[in-house]
Amino acid sequence: MQKDRTVPGHDVPVVLATDGTHGPVVHAASAAARARDVHIGARVADAQAIHPDLHVEPADPDGDAAMLDRLALWARRWCPWTARDGAEGIVLDTTGAAHLFGGEAALLRDMADRFAMQGLTARLAMAPTRGAAQAMARHGAAFGICAAGEVEKAIAPLPVGALRLDAETVRLLDRLGLRTVGALGAVPRTALMRRFAGLAADRNPLVLLDRATGRLPDPLNAPADRARRIVRTRLAEPVMDAAPHLAELAARLCTDLSEAGEGARLLRLTVYRIDGDCRSSDVATACASRDPDHLLRLLHGRLDRIDPGFGFDLLTLEALRVEPLDAGQPGLDGARDPDADVSALLDRLTARLGPDRVRWSAWRQSHVPERVERRVPALGAVPADPPDPARERPVRLLDPAEEVRVIYAVPEGPPARFVWRRVEFDVLRREGPERIAPEWWRDRPGTRLRDYYKVEVRDGRRFWIYREGLAQDGRGGAPRWFLHGAFA
Amino acid sequence: MTRDSPYDRVIRLSDRRRGSAGRSGSSACLPGGEVLQEALPVHAADASATALILASLSGARRPVLWVADRMSRRENGLLYTPGLRRLRPFGSILHVEVNHPRDVLWAMEEGAACGGLSAVVGEIHGAPSVLSFTATKRLALRAEASGVPVWLIRSADPAELSAARARWRVSARPSDAHPHDPGAPGGPVWEADLFRARARPPGRWKVHHDPSASEPADRLRMVSRSADGSLEGDRAERSDGTRT
């Protein structure tokens, strides 16, 4: 299915849809859609009936979560403790960081500006506790800043749902007449404790209220920053050739990797040129490796693709993707591991020739001969055994098939004499036909069927020829003949 | 010392391949004994050289590196893996498809140095200048150092000078009789003409391929077609009779 990749304008109502119990439901809506009263959780069919111009796209919750995770790491430019908060938020612990940006208000303005630069709109709020901050960001005024002693006052007018209670508890509190956080806080604590004693801590209104007001601790569990495996070489003078410095870089990187018990899958060599520009080249490996000689050989093949300009004075070598790799015990007989040899060969071939030239075969369920086999880049794929076709198949396949000129046709069966590549062939023996119908779910309308014959010509060569279409099948003129392959 | 030929030609014991003892001389001349070998297809777009090489490698389970330049892919077609099931039941094929013969030679040299492959096969069309005697010599030395069999398919090549240890001219022959249909082509038959060899006498053989044999070494049956007398042919036929 071809996806329409044009981005709709701001005035077009856009909704994201997920699968619900009774068909797709609205997962998220743009500002223009919300202005037209399209609710989250409404059925897409209903919304489209009311607004025929509604633009519907499939939602991607996993992609959103991954994006938020990356965004949370990026947000460490403001403070060291950041984490994704639920499915649609980021929480930052800015303790002791706000003064670096000129105060809390200036920090929030800086955040809004930088999110806007990335094309993102963000609702921001700052409060002494995490619960209060997320409640104010989602339900309070924009750019709300809550001072240290004013948490209760700031969150009192917000609805109880702002405390992240589940829908059932919210409904129960609603029935009790407790619609705002302030009303909930006014209820005697013992009554709340008795009423909700059976609920878990993350659903209990009293616990969540205490966390928001700071009576209970609510620490932020920030994921650790990914360790970067990067080594640098600074040079006293700009040079043009990186080759003499690579051995030392590779050795240092491999020492780092072996201390961490990791092996590199993707390397990037970057040179920082004296004109302020930098150039880099990536090298991938088929399996994790920390052998300096092997990495060095891969990098040497890429040096001619790096333009040094007027020279460079800084080189970095970074392992962009690493995998755990335990130290292997070499055999006592000194024999080399054949699998490791093959993966090292794959790395060298791919580094020099490119990933689209070094490939394994992969197979698809199809009867059309040229569709059965496709090639996948050898890095990152594993070889699979070929399928066992029901009929004999040629050893070599011409792609595309070449048309042959029929000299002497017989009514049923293959031509008795034909011309291919300006040579005349006499068919002595033949086998067939094997009819292969077009695959209507893949082919263009009007594609003709093929009748394949295995023919043996006078000198012994065995060819696979086919007639495309039948006479008077309503899909074009007279059938044509093609040579598609050669048998063993 | 054994007497292996009607002409009192003495063949050293080391020349006899494993498994040939007690059997006819036909399996002693299977292709694959030398390290760098060349196959020259006699006709254009003839898959017999491809098939003969793959059938002679049929017992090896490790991957085969297959390198082809652009012209040979266009002229001879792509290697079609679903059709190789009868010739080579195990092992995958690593396809390297490059444009220039220079890259074919480079990739073959890299592959020949890799002990994890069961064979390296390169295809070069025409007789480009980079495929010189020196290039084949380099390839042969590299292959001898590692022991990986290396095959070079030189299509449309007028047998230029080469350092290959054995050079074969391969062509298709009219096939065996089909067991059920007299008008249909049967099991494949090729003609292999060993016209240059370093460690064995040259000769010509008619090669039958029988995928139903249990041992991979038995799938190729070579019947001598050398012009040196009827005795050779008689013996080959007699040994066939006793085997089947």
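Trainee: Which residues of H12(A) do A:Ala243, A:Leu246, A:Ala247, A:Ala250, A:Ala251 and A:Cys254 in H11(A) meet?
Mentor: This is a predicted model. In it, H11(A) spans residues 243–260 and H12(A) spans residues 292–300. The partners on the H12(A) side are A:Pro292, A:Leu295, A:Leu296, A:Leu299 and A:His300.

Trainee: Is H11(A) parallel or oblique to H12(A)?
Mentor: Start with the geometry. The two helices pack at an angle of about 140°, with their axes 9 Å apart. Angles over 145 degrees would count as roughly antiparallel. The angle therefore makes H11(A), relative to H12(A), oblique.

Trainee: How is H5(A) placed against H10(A), parallel or perpendicular?
Mentor: H5(A) covers residues 130–139 and H10(A) covers residues 205–213. A:Gly131, A:Ala132 and A:Ala135 in H5(A) meet A:Leu208, A:Arg211 and A:Ala212 in H10(A). The axes lie 5 Å apart, at an angle of about 95°. That angle makes the pair roughly perpendicular.

Trainee: How many residues does chain A give to the contact with chain B?
Mentor: Both chains take part. Chain B gives 46 residues, and chain A gives 44.

Trainee: Which element supplies the largest share of the side of chain B that touches chain A?
Mentor: Several elements of chain B supply at least two residues each: H1, S5, S6, H3 and S9. The largest share is five residues, and it comes from S6(B).

Trainee: Is H13(A) roughly parallel or roughly antiparallel to H3(B)?
Mentor: A:Leu345, A:Arg348, A:Leu349 and A:Leu353 in H13(A) meet B:Asp103, B:Ala107, B:Glu110 and B:Gly111 in H3(B). The axes come within 10 Å and cross at roughly 160°. That angle makes H13(A) and H3(B) roughly antiparallel.

Trainee: What percentage of the residues in chain B is buried?
Mentor: Chain B has five helices and 12 strands. It has 244 residues, and the buried share is 44%.

Trainee: What should the 14 residues of H4(B) span?
Mentor: H4(B) runs over residues 133–146, and the rule is 1.5 Å a residue.

Trainee: Why do the buried residues of H4(B) lie on the same side?
Mentor: List them: B:Ala135, B:Thr136, B:Leu139, B:Ala140, B:Arg142 and B:Ala143.

Trainee: Which exposed residues are on the face of H4(B) turned away from its buried side?
Mentor: The buried residues pack against S3, H3 and S8 of chain B. The face turned away carries B:Phe133, B:Thr134 and B:Ala145.

Trainee: Is B:Leu139 buried or exposed?
Mentor: B:Leu139 lies in H4 of chain B. Leaving out residues up to four places away in sequence, it touches B:Leu36, B:Leu105, B:Met108, B:Glu109, B:Ala112 and B:Val150. The cut-off for buried is 20 or more other C-beta atoms within 10 Å. B:Leu139 has 24, so it is buried.

Trainee: What distance separates the C-alpha atoms of B:Leu139 and B:Trp106?
Mentor: Along the chain, these two are 33 residues apart. Their C-alpha atoms are separated by 9.2 Å.

Technical notes:
Residues numbered from 1 in each chain as written. Chains lettered and ligands numbered in written order. Predicted model: local features only at pLDDT ≥ 70, side-chain atom pairs only at ≥ 80, totals over all residues. Helix = DSSP H or I, 4+ residues; strand = E, 2+ residues; numbered from the N terminus. Expected span 1.5 Å × (residues − 1). Buried ≥ 20, exposed ≤ 12 C-beta atoms within 10 Å, placed from the backbone. Contact = placed C-beta atoms within 7 Å. Axes fitted to C-alpha atoms, helices over the stretch in contact; angles between N-to-C directions. Parallel < 35°, antiparallel > 145°, perpendicular 65-115°, else oblique.
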